[in-house]
Structure formats: C-alpha cells, structure tokens
Amino acid sequence: MTGRKRYGALRANALSLAFGGAFLLTLVGQAISGAADHNAQQMAEGLEKVSLLDYVTSSSFGVDVMENWQSEYLQFFLYIFATVWFVQRGSSESKKPGEEGTESDKEQKVGRYADEDSPEWARTGGWRTALFSRSLGLLMGALFLLTWAASSVAGWAAFNSEEIGQKQDPVSYLGYLGEADFWNRSFQNWQSEMLAVGSMAVFSVYLRQRGSPESKPVGVAHAETGQTG
C-alpha cells in the first residue's frame, strides 16, 4: 500500500477518528478530575484517598459514565425514529412536509429497486431487508437499554455504598429502581438530550454553518426543508 493510499484512508475517516480520539481524551479527563473530586470529599470526611485505578473501577465512576452514555443513545434512538414520522418545516434535520413515513421501496432502493452496489441485505428482500432497513434505530435502542441497565446497576451499588456509610440498610436492586435517586439521575440526563435535539431542529431553520452537512447552504430560504450544505 502506498503512502498516498494510507493518507487517503485517514482523511476519508477523519470524522470518526477525530471523535474517537476526543472521546478517549475526555474520558481520561473525567477519570482524573473525578478521582480528584472524590478524594477531596474523602479527605473532608476524614477518610483515606483512593488510587486512580480504584476510582475508575468504582461504582461512582461507573454510574457517572453509564448515565451519560445511555442518554446519548436514547437521544439518537428517539431522533432516528421520530424523524421518520415527524417533520419540522425549514429544518435541515427534517424531511419535507408530506414525506412522513417509511417511504416506498423505490424511494429507499430496496428489493428490485436496489442498485448494483446496494448492500446485499437491501437487495435480498424478506426478513433480511426488513431487519437491515431498521438496523440503525434498533442498534441505538439496544445500546440505550444496555447502558441504561448498566447505569442502574452502578447506581444501585453507589446508592448502597452511601446508605451503608450513613449506617442505613442497603436496598435491593428492584427497590433501587423505585428510588428517587435512580429516576432523578435518568431524567436529568434525558431532559438535556431532548433540549439539545429540539434546539438543533429549530435553530437549523434560521441559522447556518457554512460547509456543514448539518446546516442548509447559507443562501437557502428559511422555509426550505431537508436541504444540507
């Protein structure tokens, strides 16, 4: 493989690589700052500090990470399905009014309407095409449920750790699912994701970001829907 081809591959995947790197850096930053904050609280309460390794394997770090991940996947899961049926006039994030729904096989290029280079499962028909046609939303939904479950387990462990520290009786896992702590953690993340998505849908009607596919071209009218730059 030539150097030019390797550069081409990096450039072709720059967006995912950039966000992958940013994810790792911010996760490390969260671990370091979280450990420092945790140890400050430990010292204030006259307790021993914990190592960074002990902190990142603790329920406190686990619940902080998982409750953010689950809300992000919930955001994408809801947005993927909502944009099938709901429109926002003028938004680059929306289909045009009147195009609500799953669209025809011809519009979606499935079955006998597929192109030669269409994915195999888009051409074969039957359950494979039905599953592939919904695979993105289903994956986001599955990731949301898995991370929400992980968040609940980590939150349960962190909650009981605090209860024991305060000489209170620990609660069962099912008991924790009925606690205000669990639902407060969930709703405080969900509401922020709904605000961000709703704001993007509305702001993209009237504002532009030149060159971004998340925005309409600068000169396109506010009322134009579904156009991207």
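Helices are DSSP runs (H or I, at least four residues), numbered from the N terminus.

Before going on, a word about the model. This is a predicted model, in which local features need pLDDT of at least 70, side-chain atom pairs count only at pLDDT 80 or more, and totals for chains, interfaces and linings use all residues. Residues are numbered from 1 along each chain as its sequence is written, and side-chain values use heavy atoms, with hydrogens and water left out.

**Helix α4 and its cover**

Let us turn to α4. Its 27 residues should span 39 Å at 1.5 Å a residue, and the end C-alpha atoms are 39 Å apart, in agreement. Several of its residues are buried, among them Phe 61, Val 63, Met 66, Glu 67, Gln 70 and Leu 74. Buried means under 20% relative accessible area, exposed means over 50%, and partly exposed lies in between (1.4 Å probe, protein chains only). The cover over these buried residues includes α2 (14-44), α3 (52-56), α8 (135-165) and α10 (180-206).

Apart from neighbours within four places in sequence, Gln 70 is in contact with Phe 144, Thr 147, Trp 148, Ser 151, Ser 186 and Trp 190. Contact means heavy atoms within 4.5 Å.

**Salt bridges**

Side chains of opposite charge can pair when their charged atoms come close. A salt bridge is counted when a side-chain nitrogen of Lys or Arg lies within 4 Å of a carboxyl oxygen of Asp or Glu. The whole structure holds four salt bridges, including these:

| Salt bridge | N to O distance |
|---|---|
| Arg 185 and Glu 67 | 3.2 Å |
| Arg 185 and Asp 181 | 3.2 Å |
| Glu 103 and Lys 95 | 3.5 Å |

Arg 185 is in helix α10 and Glu 67 in helix α4, so their pair ties together parts that are 118 residues apart in sequence. Both Arg 185 and Glu 67 are buried. Arg 185 and Asp 181, by contrast, both lie in helix α10, four residues apart, about one turn of the helix. Asp 181 is partly exposed, with a relative accessible area of 25%. Salt bridges that share partners join Glu 67, Asp 181 and Arg 185 into one network. In the remaining pair of the table, Glu 103 is partly exposed at 33% relative accessibility, while Lys 95 is buried at 18%.

**Aromatic rings**

There are 15 aromatic pairs in the structure. Rings of Phe, Tyr and Trp (its six-membered ring) pair if their centres lie within 6.5 Å; planes under 30 degrees apart count as stacked, over 60 as edge-to-face and the rest as tilted. One of the pairs is Trp 156 with Tyr 173: the ring centres are 5.6 Å apart and the planes stand at 70 degrees, so the pair is edge-to-face. This pair links distant parts of the chain, with Trp 156 in helix α8 and Tyr 173 in helix α9 (residues 173-177), 17 residues apart. Phe 182 and Trp 183 also make an edge-to-face pair, with 4.9 Å from centre to centre and 75 degrees between the planes. Phe 182 is buried at 6% relative accessible area, whereas Trp 183 is partly exposed at 33%. Ring pairs also link a cluster that includes Phe 144, Trp 148, Phe 182, Trp 183 and Trp 190.

**A nonpolar patch on the surface**

Finally, look at the outside. Phe 81, Trp 121, Trp 127, Leu 131, Phe 132 and Leu 138 form a nonpolar surface patch with about 570 Å² of accessible area together. Patches are made of residues with over 30% relative accessible area and no salt bridge, with like charges joined within 9 Å and nonpolar side chains (Val, Leu, Ile, Met, Phe, Trp, Tyr) within 5 Å. Accessible areas come from the Shrake-Rupley method with a 1.4 Å probe, and for residues only the protein chains shown count as cover. Helix α7 (residues 126-132) gives the most to this patch, with three residues. Trp 121 is in helix α6 (residues 120-123) and is partly exposed, at 31% relative accessible area.

Key: Helix = DSSP H or I, 4+ residues; strand = E, 2+ residues; numbered from the N terminus. Expected span 1.5 Å × (residues − 1).
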